Amino acid sequence: MGDGTARPTLLYKSDPIRGAVWDRVFREEAPDIALQVWSPDAPPSDAAYLVAWIPPEDLERSVPKLEVLFGLGAGVDHLKLDRLPPRVQLVRMVDPDLTRSMVEYVLYAVLALHRDIPAYLADQREGRWAPRPVRRAPDRTVGVMGLGVLGRAAAEALRGLGFAVRGWSASEKSIPGVTCFAGTTGLPDFLQGCEILVCLLPLTDATRGLLNAAVFSALPAGAGLVNVGRGGHVVEADLLAALESGQVSAAMLDVLATEPPAPDHPLLRHPRVMPTPHVASATHPESAARQVIRAIRRHQDRLPLENVVDRRQTY
Ligand code: NDP
């Protein structure tokens, strides 16, 4: 921690265009914090803070005094947590703009499924004009897997549109207007009746491959899927089979197991899949820089940091 006299330093390792925004925000709003830009050829940095999507491989050598690593994303599944020195706290990105973008995307995807848009797009390709019955939102049950920062905000927004919303998380939750289930024992009851399933889980050993044939078959026939978590949550062969059988009627996929996927990836080209290239939400450089400034100030004031990743749970 800074001794009150030295200027705290944040080392920035990410793309230079966003870096220019970070530089401006730090100069305008935190001239007391030095912003250093990482370069592979630079000598070791004496920064106590590092912000990066992927930190340098040899952290102990290149940033030997590191105390806090700020991840640039909400998820940390791409990081090798066992390579982080134990003294280093890992803080993930929690940013109102990131949450707002995710809520927008989930609403778009759920509404598309609720209003049969994938089927109407197929009709359009065939030159068909075929109205389907319009269902009331309160008669449609939407289930949100993961009730953290993003899942909870999405569940509340869906509730605001009048859907019957249920949610599932690791620990028990109580969210007004949302029926909550928890843990593996709560999963079957949660899935039963979910006509639209939204995945907003972190990718961990416990959640990898969770969206598989067993889960799809526990949903009502013809259910819709929205995956905005990670591609690794879905067993893609099982999803393809469920789409073929009609057990899953359509899927809105923002993430795939391999990104970018091969141009002939069957889910990318499936007529009842509406894919997007991992754009549901992104960290906005201005608000992210402000989050980090706030956190550095807290750390300098010896206050506990928020949004610290639990190394045992890995999220
Ligand atoms: P949080 O850590 O705030 O929330 C995670 C939620 O998942 C918590 O409710 C947690 O339960 C629950 N959970 C974790 N493990 C399990 C499990 N084994 N069983 C049941 N529930 C579990 O994360 P965020 O909401 O901020 O982000 C969620 C994910 O969204 C990120 O990890 C990332 O993968 C994805 N994401 C995708 C983006 C995109 O553009 N597609 C952009 C940003 C994020 P509990 O509350 O009990 O701990």
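**The ligand site and the helices around it**

A polar side-chain atom of Asp254 sits 2.9 Å from a nitrogen atom of the ligand. This is a polar contact, a pair of N or O atoms within 3.5 Å. The model is predicted: local features need pLDDT of at least 70, side-chain atom pairs count only at pLDDT 80 or more, and totals for chains, interfaces and linings use all residues. Residues are numbered from 1 along each chain as its sequence is written, and side-chain values use heavy atoms, with hydrogens and water left out.

In the side chain of Tyr315, an N or O atom is 2.6 Å from an oxygen atom of the ligand. Ser281 uses its backbone: an N or O atom there lies 3.1 Å from a ligand oxygen atom. Alone, the ligand exposes 940 Å², and the protein buries 90% of that. These areas come from the Shrake-Rupley method with a 1.4 Å probe.

Which elements supply at least two residues each? Helices (H or I, at least four residues) and strands (E, at least two) are DSSP runs, numbered from the N terminus.

H5 also packs on helix H3 (residues 96-114). Their axes come within 9 Å and cross at roughly 50°. Axes are lines fitted to C-alpha atoms, for helices over the stretch in contact, and angles run from 0 to 180 degrees between N-to-C directions. H3 and H5 are therefore oblique to each other. Angles under 35 degrees count as roughly parallel, over 145 as roughly antiparallel, 65 to 115 as roughly perpendicular and the rest as oblique. The crossing of H3 and H5 is right-handed, with the near helix turned clockwise from the far one by less than a right angle.

Helix H1 (residues 16-29) and helix H10 (residues 285-300) pack at about 45°, axes 9 Å apart. So H1 is oblique to H10.

Two loops deserve a look. Between strand S11 (248-253) and helix H9 (266-269) lies Pro260. The peptide bond from Glu259 to Pro260 is cis, with omega near -5°.

Asp116 lies in the loop between H3 and helix H4 (117-126). Its phi is near 60°, a positive value in a residue other than glycine.

How values were computed. Polar contact = N/O pair within 3.5 Å; in protein donor to acceptor, adjacent residues only side chain to side chain.
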